[in-house]
Amino acid sequence: MKAKDLKNSILQMAVEGKLVPQDPNDEPASALLERIREEKHKLIAEGKAKFPKGGESIIYTGSDGSPYEKRVDAKGHVLSDECIAEEVPFEELPKGWAWARLSSIATFGGGKTPSTNDKSNYSDNGILWITSKDMKRDRIDSTLVTLSDKGASGLTLYGKGCIAMVTRSGILRRLLPVAILDRPATVNQDQKVILPNDTSLSEWLLCFFKGSDQRIRSDFGKDGTTVESIVFDKVKEMLVPLPPLAEQRRIVERVDQLLPLVEEYGELEDAREKLDGALPARLRKSVLQMAVQGKLAPQDPADEPASALLERIREQRRLLVAEKRMKAPKGGESVIFTGSDGRRYEKRVDAKGRESEPVCIEDEIPFEIPESWEWARLGSIGSLLRGSGIKRSEVVPHGKPCIRYGELYTTYDGAVEQVSSHVEDKIYDAAKKLKSGEVLITLTGENNVDIGRAVHNATGKTLAFGGDLLAVKDHCMLGEFLALVINSPAVAPQRTKAATGNIIVHLSAAKASQFLIPVPPITEQRRIVERIQELAPLMA
């Protein structure tokens, strides 16, 4: 059993009363609920609380053994009385336990974010202000950001023992972050706060929420399996299994004993999985490095050298420029060659054939390549074309094939063999196109590693492509090999160096055009690709 499943199993056993034995001498949970109701009635009488809308909830076991809920108004009149057997998450409660609506044993609050333009709203060592970034532990006694008295003005300061819950964040796709306040704090708008009527319930409620994580996200999430927010009004009306107070303490103590052991087990599991996963990844990296250095497949002296291939593409580009079907490269066409001193030089040739003074670029060359290979700038082996935006709302179930940034970034690895998105004819006709064998590169990403990720079009169809993508069109290389080179360790440092930005990084088409690409003879490109396909099962 995986550590995550073991943790979930322990928490599920805890909330079902199967983790520790019951003690018949414990005061039953019904007595605790009665005290909570009496205290609430007192506060209502003093005008410090409002009577529950729709009546006070009282849950009891009927003569047939099923759970029932009645709603009682302020004068004690029964407004409704119905069986809730279908609503309870499990059939039988241990003796001494009771069901209660969360709204019957707690009140609720929220928060907001002060203006970030006014720096006086924030203060070092000020009032704790909880955001989703702070919700990585079970107890909150410090926060990344604190507020000044001015910034906290109008916000509710919640006391020790309250429970903060993230209700709106991308993190909800994976888990439901909940934590107990160990110090008074306020929260931002992505959080809700549960204030138990009796603070002795806090530890148990935290245990309950963690054991109900998946159910809360799946049943109360607004967006189904990719939930990014939960409907907190539904959380308020959850049925909570309530043990006697003494048993709550025993359960929490037992959970606190077991979960560190589970965490330790999880660390060992992660280490083993890391070792298992490291070999294919390291092998893949090594294979790609060998591939782009000419060490994966043998050279054949009968192969036409890459220099002839590059000369043909330059001639084709000169004709396209002369026919005004292509703009002349800014600064001239790049030609990289080996000088008489054995070092690499680059010269620029304009549309009239005039050559610039050669510049030594030896310090840019990352490694040596075979004699029949050549170095070339990405912009000189094909024409680069940025995509135009295709909105999510424009994607339809059937139509002309297209590929958008999000799909390339999350779905494809080196090749696009089939697409899942389509657009209507008018959107397709207006969009930029990617022919079969041409390559797409991402121009944005979450980090420098992901920026400049490349795939080649292996669908056999012409695809429309969206924004934040750069196409390498009409190139002189095998598309599969070109994508492999761009994704390889040979180009990775160039992608990282060219990217700009912090949280979201960007790559310009101009900088991508300057990537140095090792170019083998076309026949050797095919041999390399075939060899990688043979090794693919070992790298999976």
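This dialogue explains how to read several features of a predicted model.

Reader: On what basis are residues numbered and values computed here?

Author: Residues are numbered from 1 along each chain as its sequence is written, and side-chain values use heavy atoms, with hydrogens and water left out. Because the model is predicted, local features need pLDDT of at least 70 and side-chain atom pairs count only at pLDDT 80 or more, whereas totals for chains, interfaces and linings use all residues.

Reader: In what order do the three strands of the open sheet stand?

Author: Helices (H or I, at least four residues) and strands (E, at least two) are DSSP runs, numbered from the N terminus. Two strands pair if DSSP finds at least two bridges between them. Here the order is β8-β6-β11, with mixed pairing. β8 (145-147) and β11 (186-187) stand at the edges with a single partner strand each, so one side of each lacks a neighbour in the sheet. β6 (residues 122-130) and β8 run antiparallel and are joined by four bridges; Tyr 122 has Leu 147 in β8 as its bridge partner.

Reader: Which residues of α9 are buried, and why do they lie on the same side of α9?

Author: An α-helix has 3.6 residues a turn, so residues three or four places apart point the same way. A residue is buried under 20% relative accessible area, exposed over 50%, and partly exposed in between (1.4 Å probe, protein chains only). In α9, the buried residues are Ala 306, Leu 309, Leu 310, Ile 313, Arg 314, Arg 317 and Val 321. They cover an arc of only 135° around the axis, which puts them on the same side of α9; the arc is that of the directions from the helix axis to the C-beta atoms.

Reader: How many residues of helix α12 are buried?

Author: Seven of the nine residues of α12 (residues 479-487) are buried, and the helix is mostly covered. Among them are Phe 481, Leu 482 and Ile 486.

Reader: What is the volume of the largest pocket, and which residues lie nearest its centre?

Author: Rolling a probe the size of a water molecule over the atoms shows where empty space is left. On a 1 Å grid over the protein atoms alone, a pocket is an open set of points where a 1.4 Å probe fits, with protein on both sides within 12 Å along at least five of seven lines; lining residues have an atom within 4 Å of a point. Grid points are joined across faces, edges and corners, and a volume is the space filled by probe spheres set on the points. The largest pocket has about 990 Å³. Its lining has 34 residues, of which Lys 4, Lys 7, Asn 8, Leu 175 and Asp 213 lie nearest the centre. α1 (3-15), α5 (202-211), α6 (213-220) and α8 (245-292) each give two or more residues to this lining.

Reader: Which element gives the most to the lining of the second largest pocket?

Author: α2 gives the most, with nine residues. The second largest pocket holds about 820 Å³ of space.

Reader: Where does Asn 125 lie, and is Asn 125 buried or exposed?

Author: Most residues other than glycine have a negative phi. Asn 125 has a positive phi of about 55° and lies in strand β6. At 81% relative accessibility, Asn 125 counts as exposed. Lys 324 also has a positive phi, near 60°, and is placed in the loop between α9 and β14 (333-338). Lys 324 counts as exposed, at 76% relative accessibility.
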